[in-house]
Amino acid sequence: MDFKKFWAAIMASALVMFGAAAEPMGRMPASELMRLDEAPRGEVARPMQTLTSENSGLNPGYSVTPIQNTRPVAPDDALPNVTATAAIVIEASTGHVIYERNPDLHMYPASTTKMMTLITALEGNALDEIVTVGPGAYNAEGSTLWLDVGERIPLGDLLYGMMLISGNDGAIAIAEHCGGTVADFAARMTQRAHDLGAVNTNFTNANGLPDSNHYTTARDLATLAAYGLTLPHFEEICSAKEVSFGWIHDATKLLRNENQMLWLYRGCNGIKTGYTDAAGRCLVTSAKQNGVQLIAVVLDSLYIWNDSIFLLDYGFGRVSSQTLIEPGQVVKTLPITSGRRKSMQVKTAGEIILPVFADDANAYEIVYDLPETLTAPITSGETIGKIRVVLPDGREAAAVDVVTTADVEQKSFFRLVLNKIRGLFA
């Protein structure tokens, strides 16, 4: 029997046994919560106050006992118990940084690389494209989907497999399908990352296996994650807890997401775990609560779940959602020329809701792009301008249309001439 298929059969049996012990309704078994967070050898790890849904953003029914950080941190660090070498929390829509530690330090990203593989594939290809698996994918090292040479699988299925269980073979198959070669696809990934502002990043492969020239930063990963959430299908793939496909080589046909934050943390909607000996434990997490979308990144972390919970709790405690523009809000009254009425109120066609930060870094500028006058005829609900909210760096954070509120007929030709004559003798 082919060794790879033999090993797949063993793994399938293990998955069946694991599934039988799992808690109902897709919950992450309590015994699995800290599976990747064993204390490093030779270090004394002291328990801290247990986190629950009462004192943290954890979902009801879950609790995690954090371990005190044994690594040195700066004396002014706001989160000394975060163990990651590099970390950051940003608000996604504005890019506002709420917390950072070594945010621009070059680090190995491990499988968080696959987030950019997903972005690049989604931007250039359709989910229903059929990928033919080649020998490069079959011979992939590390975590695997157990793909066989010659298999024909929809691109969308492989993207799920790559993001949920970190299939390195899936990443290679995707790269070869979308870019011809892994190297060419990685070059595209790098260029696109730079275009998006992640300028301290360089990719040499699509799966994150160690390479001295394959690096990124916590800030760059947060930037890419925030962009990814704006793309169709990105969030639905990254936030999926379980999916099943007929081509999977085990009895369950099931893929179960390795990102335990999807079970643990309220509002979590992605994104990707990562681990290699060179990179350490890495995690990019996104979570949305009360209209606020945060991104947390930890690189080379001793305890990725603890660290991510601390970061998100800190972030959500320092940002809130505020309605800047109400729907139907009267903007101003504009004069009307050539109409049967002299003026009209114009109003907003929607609302603008943006985050407000506890550090008072709320330097939004509201710009009114409106005409000085209206000219009849006018139809009610006609868009005549916009209100834009602009960030300090000039980026537009949000915009809403401004519309008319009534129909206005144009004056007759005779009345226009009469008014002109009256004006001459006034």
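Biologist: Which element gives the largest share of the lining of the second largest pocket?

Modeller: This is a predicted model, in which local features need pLDDT of at least 70, side-chain atom pairs count only at pLDDT 80 or more, and totals for chains, interfaces and linings use all residues. Residues are numbered from 1 along each chain as its sequence is written, and side-chain values use heavy atoms, without hydrogens and water. A pocket is an open set of points on a 1 Å grid over the protein atoms alone, with protein on both sides within 12 Å along at least five of seven lines, and its lining residues have an atom within 4 Å of a point. The largest share of this lining, five residues, belongs to H7.

Biologist: Which strand also gives two or more residues to that lining?

Modeller: Helices (H or I, at least four residues) and strands (E, at least two) are DSSP runs, numbered from the N terminus. Besides helix H7 (218–228), the element that gives two or more residues is strand S17 (396–404).

Biologist: Which residues lie nearest the centre of the second largest pocket?

Modeller: The pocket is lined by 21 residues, and by class these are nine nonpolar, seven polar and five charged. Nearest the centre lie Ala92, Thr94, Gly95, Thr223 and Arg395.

Biologist: How many charged residues are in the lining of the largest cavity?

Modeller: A cavity is a set of grid points where a 1.4 Å probe fits but cannot get out. Its lining includes Tyr108, Pro109, Leu209, Asp211 and His214. By class, the lining has seven nonpolar residues and three polar ones, and the number of charged residues is one.

Biologist: Is Asp148 buried or exposed?

Modeller: Asp148 lies in the loop between helix H3 (135–138) and strand S4 (152–154). Its C-alpha atom is separated by 6.7 Å from that of Val133, 15 residues apart along the chain. Buried means under 20% relative accessible area, exposed over 50%, and partly exposed in between (1.4 Å probe, protein chains only). Asp148 has 15% relative accessibility and therefore counts as buried.

Key
Nonpolar A, V, L, I, M, F, W, Y, C, P; charged D, E, K, R; others polar.
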